[in-house]
Protein chains: 2
Amino acid sequence: MKKQVIATYLIETAYSLEHAAQVMAGEQSTGTFLALPGETEKIKQEHGAEIISIKEIETVSSPSLPGAKVPDGSIANYHRGEVILSFPYHNFGPSIPNLLATITGNLYELEEFSGLRLMDIDLPIDFTENYLGPQFGIEGTRSLTGVTERPIIGTIIKPNIGLKPEELRPLVRELALAGIDFIKDDEINGNPPFAPLKDRIKVVMEEIERAADITGKKTMYAFNITDDIENLHHNHDLVVEAGGNCVMVSINSIGYSGLSYLRKHSQVPIHGHRNQWGLMTRHPYLGIDFTAYQKLCRLVGVDHLHVNGLNSKFYDSNESVIKSVSDCLKPMFNGYEALPVLSSKQWAGQAPVTYEKLKTIDIMNIAGGGIHAHPSGPAAGFRSMIQGWEAAMAGIPLNKYAEKNQELKEALIKFGKG
Amino acid sequence: MKKQVIATYLIETAYSLEHAAQVMAGEQSTGTFLALPGETEKIKQEHGAEIISIKEIETVSSPSLPGAKVPDGSIANYHRGEVILSFPYHNFGPSIPNLLATITGNLYELEEFSGLRLMDIDLPIDFTENYLGPQFGIEGTRSLTGVTERPIIGTIIKPNIGLKPEELRPLVRELALAGIDFIKDDEINGNPPFAPLKDRIKVVMEEIERAADITGKKTMYAFNITDDIENLHHNHDLVVEAGGNCVMVSINSIGYSGLSYLRKHSQVPIHGHRNQWGLMTRHPYLGIDFTAYQKLCRLVGVDHLHVNGLNSKFYDSNESVIKSVSDCLKPMFNGYEALPVLSSKQWAGQAPVTYEKLKTIDIMNIAGGGIHAHPSGPAAGFRSMIQGWEAAMAGIPLNKYAEKNQELKEALIKFGKG
């Protein structure tokens, strides 16, 4: 059987779904707007995309996106449906950059469509010859942090931006001495002139190693090494040489291919931040769905992947977050699971609902304000998060568990409604 | 004065525009959802983003994007406006990957917004220390092709995909012998197993050199070298070693940073294809506007940039294409113009309207079907395009000019309505 890439789309069109699906298949394989001399039956057969299925969803009276054409003389009704196409693998080989030009490419701009979204992809295992997948994933991250029976609890350096390396020092010291599992730089704090990455690394690793000597536990710190391609390996090496054990990148700033370039060199887990993701996904009939996106991120080798959190400051619903977590944990090829990272407006009180909905502890739960703004300081904030999860996993109401756990009690008073 | 990056946005929100602008500035600089101990006035002053201006546009009754929050107890009215923010340059330095995390970042996902689009950016000249801009641009491309007094006329290899190297040979020979200015690979044809890039390069360059020996003119061929980062330099070198004088990449497959990585190594013009662009731009209240996008592409060093064509198969209006051409030709820093590439449904008959609307000949005009499907073959198709532009520039009606120009006449009969 021919090797294929299967791509699932949501579309909206004033044409018949059948016609629209044919336009998609033609545009992204052998077609143009005119029949051409060289376009033989043999070429079509060997290189043409095929329609696997078309499923009608509904008809609406106004278009989701502007600029769509309506067939001559017809009343504008816009048909929504799911279209599944199959593309011959040998049209691109194991190359994500070229895969993208084929399965997305010009589709979003075609005037036959008032909506088009890539929902899912199914890739042949041949892609794993070129893309290495998560090097550490869930088990490797658990092993490096020493956390086994609960979620990995982390925080973000706050304020987001502006701390000079020596101002960062006492904060990292306090968190590391409290035995926090994980700390990350903010995504807007990369390699700014006032706090260069190499100086941050020096200060942070000094504090982390010193705390580890005392506590016996080495906090994982995700340094934001996001930068131009030619600096990624160097930035990574600075972290590793200083004894660091995690790097973070803004995935969409460097692309899948930039991430793969880092992965092939990396010796530590890659913490994937998905800022800028909203621009690709927020309209339900445009862009890319998380299900397709996270497969590409995992294939190229992200170990941790941000998915927002329940009850966050972001637009997406809890259902969407739950689905995203489940996507990351669903095996692809022979595993390739990435650790889902829940963040935004997180604090101890979110643990019960998160555990109830997700039914897993294989997550990283990151709190910024929920740790830093704890009345007794960040170390107490971290302990309150642990206590919240202990209560959630044991099925004990937070108020009851707080009776004997002071940090949780303080968190409930400060961050809870009552 | 502090160096700043100025970013202009269109937003839509159920909150006041003032409140929404404050949320944007806080999220992307020093803020979080809680006041924090370390967030001093000094840090806010040195690192906070500032609101430059807010301009109300209109109020609408339904949101453009899902998931937006409405203030407690209010009736949902969505205010649209233009917001201009200023970000301290020293928050990121001359790094586009980190700039993006700041000026776009999480903004698209914030629940305060039912629409958000980056319209324009204004960068300090310091970015040019790290990003090299177009190496050849318009003048360099004219010099390499020897075309001075008219648009550069090109075509795309058709069928898009499926030709083996030896099947490509006669097509390239015919086009090169006809003295065509420019040929490009299709964007879906990268480095597929059945027609590897290195074999394509060999065949194509043999034919181009052989034709040049006869005609005295060396056709510019843009080889699609799109690939993973670690292959870009190698692919480029294969082209240059074979005597090729142009490379093409799918910009959005490798990212601005991947493009910059190629530019710093490149010895030939970079032909920038913007496939996948629709997913970032098609909704008017989401994503990125071309004005901002093309500045980043030019800064990192694209020489040619696709903008669709007038009356194309794509959704965007002629006004949008005209604006895009004008954007590419507007000086940035001390020049940095990129050659706008007009394609899709182009043929000889498009020249007059294109010239009338654009009022410039500093474009590349690419026809696929309009050249390949010409009744007398591709060489005649190319000549018909030249004749179309000659007529347009001289202000002579096409029908009249066709009386003495057979190829144009045939094109009008085949592709025109009459």
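**Figure 1. Salt bridge between A:Asp120 and A:Lys295 in the predicted model.** A:Asp120 and A:Lys295 form a salt bridge in which the closest N and O atoms are 2.9 Å apart (a salt bridge being a side-chain nitrogen of Lys or Arg within 4 Å of a carboxyl oxygen of Asp or Glu). This is a predicted model, in which local features need pLDDT of at least 70 and side-chain atom pairs count only at pLDDT 80 or more, whereas totals for chains, interfaces and linings use all residues. Residues are numbered from 1 along each chain as its sequence is written, chains are lettered from A and ligands numbered from 1 in the order in which they are written, and side-chain values use heavy atoms, with hydrogens and water left out.

Figure 2. The domain assignment of chain A gives domain 1 (4–129) and domain 2 (136–416), with bounds that come from an automatic or database domain assignment. The centres of the two domains, taken over C-alpha atoms, are separated by 37 Å, and 24 residues of domain 1 of chain A are in contact with 19 residues of domain 2 of chain A (contact meaning heavy atoms within 4.5 Å). Together the two domains bury about 1,900 Å², 68% of it on carbon and sulfur atoms, where buried area is the accessible area (1.4 Å probe) that two parts lose on being put together, summed over both. A:Ile96, A:Arg117 and A:Ile121 supply 31% of the area that domain 1 of chain A buries against domain 2 of chain A, more than any other three residues. Two salt bridges are found across this interface.

**Figure 3. The contact of chain A with chain B.** Chain A and chain B each contribute 95 residues to the contact, and they bury about 7,800 Å² between them, 56% of it on carbon and sulfur atoms. On the side of chain A, A:Glu109, A:Leu279 and A:Arg282 supply 11% of the area buried against chain B, more than any other three residues. There are ten salt bridges between the two chains; the side chains of B:Lys313 and A:Glu27 meet in a salt bridge at 2.8 Å, N to O.

Figure 4. The side chains of A:Glu46 and A:Lys42 meet in a salt bridge at 3.5 Å, N to O. Because these residues are four apart in helix α2 of chain A, about one helical turn separates A:Glu46 from A:Lys42 (helices, H or I of at least four residues, and strands, E of at least two, are DSSP runs numbered from the N terminus). A:Glu46 counts as partly exposed at 29% relative accessibility, as does A:Lys42 at 49% (buried means under 20% relative accessible area, exposed over 50%, and partly exposed in between, with a 1.4 Å probe and protein chains only).

**Figure 5. A salt bridge between two loops of chain A.** A:Lys158 and A:Asp186 meet through their side chains in a salt bridge at 3.9 Å, N to O. A:Lys158 lies in the loop between β5 (152–156) and α5 (165–177) of chain A and A:Asp186 in the loop between β6 (182–184) and α6 (197–215) of chain A, so the pair ties together parts that are 28 residues apart in sequence. A:Lys158 counts as buried at 10% relative accessibility, and A:Asp186 counts as buried at 4%.
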